[in-house]
Amino acid sequence: MTLKELAGHTVQRFVHVYGRQPRWIAAAPGRVNIIGEHTDYNGGFVLPMAIERYTVIAADRPVRDKNQIQFDSTFCNKPATLDLARPLKPFPKGSWVNYPAGVVAGFLARGLNPGSFDAVIHSTVPLGAGLSSSAALEVATATLLETITDRKLDPVEKALLCQKAEHDYAGMPCGIMDQFMSIMGRENHVLLLDCRSLKPELVPMTDPSVAVLIVNTNVKHELTYSEYSTRRKQCETAAKILGVPSLRDATPDALKFAKGKMDKVIFRRTRHVISEIERTVHAAEGIRASNWPAVGQLMYASHHSLRDDYEVSCKELDAVVEIAESIGLKGGMIGCRMTGAGFAGCAVALVKTDAIDAISKKLAADYRKKTGIEAIIFVSRPAAGAMVIKSNGPSSSSVRMSSSARLSVPA
Ligand code: GLA
């Protein structure tokens, strides 16, 4: 489904639910991380790209003002209501409405009250698959609120506001990568983000002979939240032992030196972070130079490190990477690794464009044979970041949609 079609469906639902046309429409993409996993909360580098899968929010003032925000969504049959007359607080853990509610709370905390509105949320970002459906929802909400309040936030402030929503409302102590990427996405570019300085650098990825394939293992694990926080704490412990503010400042030599002072698990976690930061910088150089075999090798090394040292993979993700390794460069497979927090979700692969069909078939068949599960496989080009699609607010009444923001190969 193209973004235009998704926006069209969202409007249709809005008209169906509320009986009138929406006044504002905003969208934000999911992301896939090419490399740089579990490095963002260590002040390291990440190298993600926005994908051609979006979350769209359409909204309008209510017919009768009740000092409420109503979110209808395709995630859930029951709409959720935020009462603006009382202080906002998180909904029960696990509720999807915590993401937009946390963003509304962030705006209110800055004295930016959007006032009452009715909204409909619709998305093509697969939920809970490691493609940042939560960041897409937060950033789409923030983009909508910028339009309603007629106040554009600085992109870094916007990313931090959305990250805080996820920490305080959804209870996930995430890093900054996903929110940043959803805001800063640019067609035909990946983003090298220094998570210590928050300085972004767009790296062109325009070689038509190479495509990004996303393989959804279709498994979900409950482990992500608890294991993610455990990993964060282990990294903080390691930084303390090494006497550095964050693992970004740790070196392989310092780690070797401190080996005796660390338990084995902390040692392996640290080894992953230090080596992954280095791989990420090299991968960006490889992309700039179109040195695809080098990028592919770094992706495999990243996966092995996440599997063995950081222990955030699972047997289904390992199965995808093993199949990719068996296809090899000769079969058009450049490199493959798990992407996102891990424990389930998606793998990302770089493939030769002319081998997309053959590789997709082989991956699907071998994965089915190994696991008994159907994978969902799709291609995405690096996509545009968050945008306002319709704004009838005080500042403009324009329609700004990137016409080339389309899905190239649907799932
Ligand atoms: C999740 C978090 C990110 C990042 C990745 C792992 O997606 O939201 O901040 O830490 O996991 O790289």
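The structure is a predicted model, in which local features need pLDDT of at least 70 and side-chain atom pairs count only at pLDDT 80 or more, while totals for chains, interfaces and linings use all residues. Residues are numbered from 1 along each chain as its sequence is written, and side-chain values use heavy atoms, with hydrogens and water left out.

Helices (H or I, at least four residues) and strands (E, at least two) are DSSP runs, numbered from the N terminus. H1 covers residues 3-18, 16 residues in total, and reaches 22 Å from its first C-alpha to its last, close to the 22 Å expected at 1.5 Å a residue; the expected span is 1.5 Å times one less than the number of residues. Leu3, Leu6, Ala7, Thr10, Val11, Phe14 and Tyr18 of H1 are buried, where buried means under 20% relative accessible area, exposed over 50% and partly exposed in between (1.4 Å probe, protein chains only). Seen down the axis of H1, these buried residues fall within an arc of 140°, so they line one face of the helix; the arc is that of the directions from the helix axis to the C-beta atoms. In general, an α-helix has 3.6 residues a turn, so residues three or four places apart point the same way. Gln12 and His16 are exposed on the face of H1 turned away from its buried side. Just after H1, Gly19 takes a positive phi of about 75°.

The buried residues of H1 pack against several strands, including S1 (24-35), S2 (45-60) and S5 (117-123), with contact meaning heavy atoms within 4.5 Å. S2 is mostly covered, as 16 of its 16 residues are buried. Strands count as paired if DSSP finds at least two bridges between them. S2 pairs with S1 in the antiparallel sense over ten bridges, and Ile25 stands opposite Ala58 in S2. S2 and S5 also run antiparallel, joined by six bridges; here Asp60 has Asp118 in S5 as its bridge partner. Two bridges pair S2 with strand S6 (residues 189-194), again in the antiparallel sense, and Phe45 is partnered by Asp194 in S6.

Further along, helix H6 (residues 224-242) packs against helix H8 (residues 264-288) at an angle of about 90°, with their axes 9 Å apart. H6 and H8 are therefore roughly perpendicular to each other, a label for angles of 65 to 115 degrees. Among the residues that meet are Arg231 and Leu242 in H6, and Val265 and Arg269 in H8.

Notes: Axes fitted to C-alpha atoms, helices over the stretch in contact; angles between N-to-C directions. Parallel < 35°, antiparallel > 145°, perpendicular 65-115°, else oblique.
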